[in-house]
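Here is a short briefing to read alongside the model. Have the structure open as you go through the points.

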Amino acid sequence: MKRTAVIGAGAAGMMAAIAASENSRVTLFDKNEIMGRKLLQTGNGKCNFLNTSLSPDNYRGSLKEEGIFKAVRDRYSEEFILDLFSSFGLLYHIKNGGYYPRSDTSASVNDILINELKKRKVDFHPLTLVKNIEREDKGFFLTLIHLKSDKKSRDEEKYDSVIIATGGMAAPKTGSTGDAYYFAKNFGLRVTEPLPGLTRLFSPDVFFNETNVRAEVALKLFIDDEPAGCSKGELQVTDSGPSGICVFDLSGRAAKALKAGKKCVLSVDLLPEYSEGQIVELLKKHAGISGTKTSDIFTGIFSERLSLCIENKMRKELFTDREYRFITSDEDIKLIASFIKDLKFDIEGTGDFNNAQVTVGGVLGEGLNEDLSARDVPGLYFAGECLDIDGDCGGYNLYWAFSSGYAAGKAASLFNWEGAE
Ligand SMILES: Cc1cc2nc3c(=O)[nH]c(=O)nc-3n(C[C@H](O)[C@H](O)[C@H](O)COP(=O)(O)OP(=O)(O)OC[C@H]3O[C@@H](n4cnc5c(N)ncnc54)[C@H](O)[C@@H]3O)c2cc1C
């Protein structure tokens, strides 16, 4: 029987091993003692593993641009992944558009995959770091480091195919330390610089002098003054900048732009469901009341703390020459209304890999076929976050990990050296 090695027992690697086991004997390696270490942490321990409205617009990266994401999805759609999990025995439910295990605990997803791997007699090697992959005469040999004894050895087994599913660089404590990039480069594939994605942003703006403030907003990201993305949701104000899922969804694009030395500005609409005209009418109700608090004009519209954030920014940018509480003219009210529909923040940085949920960048699509095999290295496959594609928050990245894992596993197990070169 053919033999397949899968490197990395995360979401992508476990699924790859399951798919490959249909036609191949599979060995699965991970440097962790347990499988699915990151999977267990997903969705705040609840594992949002899919989304009810998935589209290519939720993804970015060269695998999308080169049609590889579409090819994988055409074969292994959301329905396919759901049916697969059902066939393994997982109960799931939908919450706010996301699929979660019915138990609301990520361990249910992890355990069901582990059970399936056991049923299929996949040979799991924990605490085993794959140091090197060598191609030799129609097959591959692996150099291993056994972390328990720190011993290095050359695996005696010769594998017909190898699947690299070692993740990206996000949350490195879970084991994903960018090893796929080293393997890929050794085989002549190109890799874009990995950057943190789905993380917070940093801004020096006075608006962020307050903390623990939340607001439902609409966001637009501008890179060198050009629109580069938008999102909606709960903005979390922290003392060093904006956070929250709607911010996470724009952070990968901001990280790329900042790395390239471009200017990044976040525009926040604090009342997206109201027009500027409607806001003018609302503000007029309170204008001119000479209370003690300068934020009286926002009474009934924003929380007191959010009003203070706005006020800090208005003092610096809008009404530098007067006391804000004496603002009563229609013209001033119009200025305030348009200000809160378009608060602009300079973005100077993003969270690092320790705080990121996904990696932006990775192994480029140009070196891969649609079945995730390396174009110039027969028998070598890639799956999961190590590839240059990243999705929004909300089950999109796990869908990619599972579907790409299944695609690579299936193709690798059917790979035949006869006629391959
Ligand atoms: C806190 C957090 C929450 C998240 N929540 C969600 C969510 O709710 N929904 C969603 O869709 N996505 C979520 N994500 C993103 C999602 O978890 C990842 O995109 C996905 O799990 C990546 O799977 P992977 O198998 O490609 O990589 P990983 O899960 O990173 O697995 C890679 C594995 O390879 C092993 N490995 C690495 N190098 C070697 C080597 N040389 N030898 C042997 N083993 C090696 C590692 O130990 C690791 O176990 C979250 C991420 C984080 C960090």
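In this predicted model, β3 and strand β6 (residues 98-101) pair in the antiparallel sense, over two bridges. Within that region, Leu-50 stands opposite Tyr-99 in β6. The points below take in the rest of the sheet, then a pair of helices, then the domains.

**The sheet**
- β3 and β6 belong to an open sheet of three strands, which run in the order β3-β6-β5 with antiparallel pairing.
- At the edges you will find β3 (50-51) and β5 (92-95), each of which pairs on one side only.

**Helices α1 and α6**
- Helix α1 (residues 11-20) and helix α6 (residues 106-119) have axes that come within 10 Å and cross at roughly 30 degrees.
- Angles under 35 degrees count as roughly parallel, and α1 and α6 are therefore roughly parallel to each other.
- The crossing in which α1 passes α6 is left-handed.
- On the α1 side, Met-14, Ala-17 and Ile-18 make the contact, and on the α6 side it is made by Leu-113, Glu-116 and Leu-117.
- Sorted by class, the contact of α1 with α6 has five nonpolar residues, one charged residue and no polar ones.

**The two domains**
- The protein chain is split into domain 1, which covers 3-195 + 358-414, and domain 2, which covers 201-350.
- Taken over C-alpha atoms, the centres of domain 1 and domain 2 are separated by 40 Å.
- Where the domains touch, six residues of domain 1 are in contact with seven residues of domain 2.
- The side of domain 1 that touches domain 2 has three nonpolar and three charged residues, with no polar ones.

Definitions and conventions: Residues are numbered from 1 along each chain as its sequence is written. This is a predicted model: local features need pLDDT of at least 70, side-chain atom pairs count only at pLDDT 80 or more; totals for chains, interfaces and linings use all residues. Axes are lines fitted to C-alpha atoms, for helices over the stretch in contact, and angles run from 0 to 180 degrees between N-to-C directions. Helices (H or I, at least four residues) and strands (E, at least two) are DSSP runs, numbered from the N terminus. Angles under 35 degrees count as roughly parallel, over 145 as roughly antiparallel, 65 to 115 as roughly perpendicular and the rest as oblique. A crossing is left-handed if the near helix is turned anticlockwise from the far one by less than a right angle, and right-handed if clockwise. Two residues are in contact if their C-beta atoms, placed from the backbone, lie within 7 Å. Ala, Val, Leu, Ile, Met, Phe, Trp, Tyr, Cys and Pro count as nonpolar, Asp, Glu, Lys and Arg as charged, and the others, Gly among them, as polar. Two strands pair if DSSP finds at least two bridges between them. Domain bounds come from an automatic or database domain assignment.
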